[in-house]
Amino acid sequence: MNYLRRTFLRGTGAAGTVAIAIAAGLLKPGQVLAAEWNKVAFDATTTADAMKGLNVAGAVESKDILIKAPDIAENGAVVPVEVTSKIPGTTSIMIFVDKNQNPLIADFEFSNGAEGFVSTRIKMASTSHVKVAVKAGGKAYTASKEVKVTIGGCGG
Amino acid sequence: MSMNRREFLQMLAVAAASGFALNSRSALSAASAGGFYDLPSFGNVSLLHITDCHAQLMPIYFREPNVNIGLGVSHNKAPHLVGEKLLKAFGIRPGTVDAHAFTSLDFEKAARTYGKVGGFAHLAGLVKKVRANRPGALLLDGGDTWQGSATALWTNGQDMVDACKLLGVDIMTGHWEFTLGAERVKQIVDNDFKGKVDFLAQNIKTNDFGDQVFQPYVIKQMNGIPVAIIGQAFPYTPIANPRYMTPDWSFGIQDDNMQKMVDEARAKGAQVVVVLSHNGMDVDLKMASRVTGIDAILGGHTHDGMPAPSIIKNARGQTLVTNAGSNGKFLGVLDFDVKNGKVAGFKYKLLPVFANLIEPDAEMAGLIKKVRAPYEAKLAEKLAVTEGTLYRRGNFNGTFDQLILDALMDVKGADAAFSPGFRWGTSLLPGDTITMEHVMDQTAITYPYTTLTEMTGEMIKTIMEDVCDNLFNADPYKQQGGDMVRVGGISYTCDLRQGFGKRINNMIMKGKPLDPNKKYKVAGWAPVAEGATGEPVWDVVASYLRDKKVITPRKLNLPRLIGVEGNAGIA
């Protein structure tokens, strides 16, 4: 285990990672808010409406989208999700949680041939499908995986 | 009632002559010749396996379940077989010593005949005997070892750590161990176990960077053959048990990483790859069908004493899946014959540990005596006498659980009570005295607080549906391996043809349907939320027992089950 790395980051405070990324020139502060906020999609109360708002309503099922998420969430408030799109020319990856009040969690944009990979933590209100949509070469693709959220206790 | 070994052998002879309970000539003749445990060696790689002993250092009684329902892919398959259906599936003759070891049939009569099971001094004697003709054999401990008894709780797991080192455990993984807290586990692994016992878990990583917390696997040389053992800790520890015990660690099944570890070990030259697992048997069976290159998964958690392995075919071959019961009752012995770099054959035997048939190991007996000495008076306190058998195992309730529910409702003045569906806890026979030690056997955890909560009828149903789904979800990867929460004060039906949220119906309290909007006082224990407080459950139960003095046979509150006709998981 890399203790040095952990101690170093802890020392830089809660916002450490982002601050370092900015300091290292990996992220420009303006970039975070640069993309236009798609209010219609983010405020939608069903996955179908959110997908419509993002122009991916007719997305076709694809086995080239890999979703890595726990079968049962350890904590519904921070569920780790990794998405890999192996579809060539991926330009965006969108994540939805069907049962959340506002299903659209995030919309990641990729450019200049960046690898179609995101790793994030999402909030889930209850057991639900985590749905992913991918835009690539002007077409839309989708995949999903169920993640169970449970009250806990009583095991073993 | 207890007998020494000689009396026991005499008893066997008398019993056989009178045709009482014992009619397996082979078991009997072997037993009277002292050969019950003669296990001829086979092949060149041997693994001894214990799991889920739940800190039982002394011989105890343990009743196997008569309800262990399997649905969907698990329907009428091991481990979801009980009673005569289990005997039939594994070719065990009724009325034999094996029939008693693996089922609850004629439990009281057979338990009085064959006596207590387990105990580390007897287990140590058996391990030495089995190891004697298996040079280089490894002893693997599947976990749930440092929790389950008063002495383990009061010594912070130290009694079991010392006993396991003396027993000669080589490799271990865990589950309830983590309820001692992450720091204590690391302290034991980095100090007591250093250079002696490898604590393995491929599926525990840090929350922040995903770094490995424990070593994922080891490769050991056995008679010139490289053998890899991969550890798999209980994947749902932070969900089934309090999250705050291991706040910085993430668990999960992680079969992608398991495949990676198998491939890595093979690439390093391992000719045999075995997973020491605390997944639970249904999860192990699914994992065996998905991850390739594993020769055997030696499993625990679900406490299934399975006489023979399940053989699971997958894309690149086959994997054996075993489960070795609980409470120190069994020792699993897996022998592989490895030829030309791969497994050419195997033999497996799950040996029941009958204390009357094994010479206890003197050194281990000495250690146990020393460990217990400071606590003997407290452990031996006589609380009450039971008129019926007290046990815990079963999908929906056990008599000891019912006793805990009755005590909670009585002492707390509650309308209803919940008790967790734990599968550990020893059994008592009619006429036995219930001591403080026995109460601790059912309750010794690091979060023993009792609670009294106002809950709406709707909330009560939500909790019951949630736990029921943890047991009966169609996907084994979404099951947690405990039993249904035990419910006192509310009768209900459980429709196992239905899915989440629709199984629990017809909930009745005191003759009236449960009102979804009305608030009820519900007692419980073992809250997983941080900051919970309350009188320890063992004090609540002990005060109830002292007051009652005689415990009449319990009337089990069991749901009426729907959709289980012909299920081999019901005796």
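Two strands are taken to pair if DSSP finds at least two bridges between them, and the legends below use the word in that sense for a model that is predicted.

**View 1. The six-stranded open sheet of chain B.** In chain B, 6 strands form an open sheet with mixed pairing, and their order is β6-β7-β9-β10-β12-β11. The edges of this sheet are held by β6 (217-222) and β11 (310-314) of chain B, each of which pairs on one side only. Averaged over the sheet and with direction ignored, neighbouring strands are turned by 25° against each other.

**View 2. Strand β9 of chain B and its two partners.** Strand β9(B) is mostly covered, with 6 of its 6 residues buried. In a regular strand the side chains alternate between the two faces of the sheet. Here B:Val272, B:Val274 and B:Leu276 point one way from β9(B), while B:Val273, B:Val275 and B:Ser277 point the other way, and all are buried. Strands β7(B) and β9(B) run parallel and are joined by 6 bridges, with B:Val275 in β9(B) as the bridge partner of B:Ile230. The pairing of β9(B) with β10(B) is likewise in the parallel sense, over 4 bridges, and B:Gly299 in β10(B) is the bridge partner of B:Ser277.

**View 3. The surroundings of B:Ile230 in the largest nonpolar core.** The largest nonpolar core has 206 residues, and those with the most contacts inside it are B:Ile230, B:Val272 and B:Leu331. When neighbours within four places in sequence are left aside, the contacts of B:Ile230 include B:Leu200, B:Pro216 and B:Tyr217, as well as B:Met258, B:Met261, B:Val262 and B:Ala265. Also among them are B:Val273 and B:Val275, two residues that point the same way from β9(B).

**View 4. Contact between the two domains of chain B.** The domain assignment of chain B gives domain 1 (47-56 + 136-354) and domain 2 (380-562), whose C-alpha centres lie 30 Å apart. Across this boundary, 29 residues of domain 1 of chain B are in contact with 18 residues of domain 2 of chain B. On the domain 1 side, the elements that give two or more residues are α7 (150-154), α10 (237-240) and α12 of chain B, and α12(B) gives the most, with 4 residues. The residues of that side divide into 12 nonpolar, 13 polar and 4 charged.

**View 5. The four-stranded open sheet of chain B.** A further open sheet of chain B is formed by 4 strands in the order β22-β21-β20-β25, with mixed pairing. Its edge strands are β22 (512-513) and β25 (560-562) of chain B. Strand β21 (residues 504-509) of chain B runs antiparallel to β22(B) and is joined to it by 2 bridges, and the bridge partner of B:Ile508 in β22(B) is B:Pro513. Helix α17 (residues 457-472) of chain B packs on this sheet, touching β20 (491-495) and β21 of chain B, with its direction at about 135° to that of β21(B).

Conventions:
Residues are numbered from 1 along each chain as its sequence is written. Chains are lettered from A and ligands numbered from 1 in the order in which they are written. This is a predicted model: local features need pLDDT of at least 70, side-chain atom pairs count only at pLDDT 80 or more; totals for chains, interfaces and linings use all residues. Axes are lines fitted to C-alpha atoms, for helices over the stretch in contact, and angles run from 0 to 180 degrees between N-to-C directions. Domain bounds come from an automatic or database domain assignment. Two residues are in contact if their C-beta atoms, placed from the backbone, lie within 7 Å. Ala, Val, Leu, Ile, Met, Phe, Trp, Tyr, Cys and Pro count as nonpolar, Asp, Glu, Lys and Arg as charged, and the others, Gly among them, as polar. A nonpolar core is a set of buried Ala, Val, Leu, Ile, Met, Phe, Trp, Tyr and Cys residues joined through C-beta atoms within 7 Å. A residue is buried if 20 or more other C-beta atoms lie within 10 Å of its own, exposed if 12 or fewer, and partly exposed in between; C-beta atoms are placed from the backbone.
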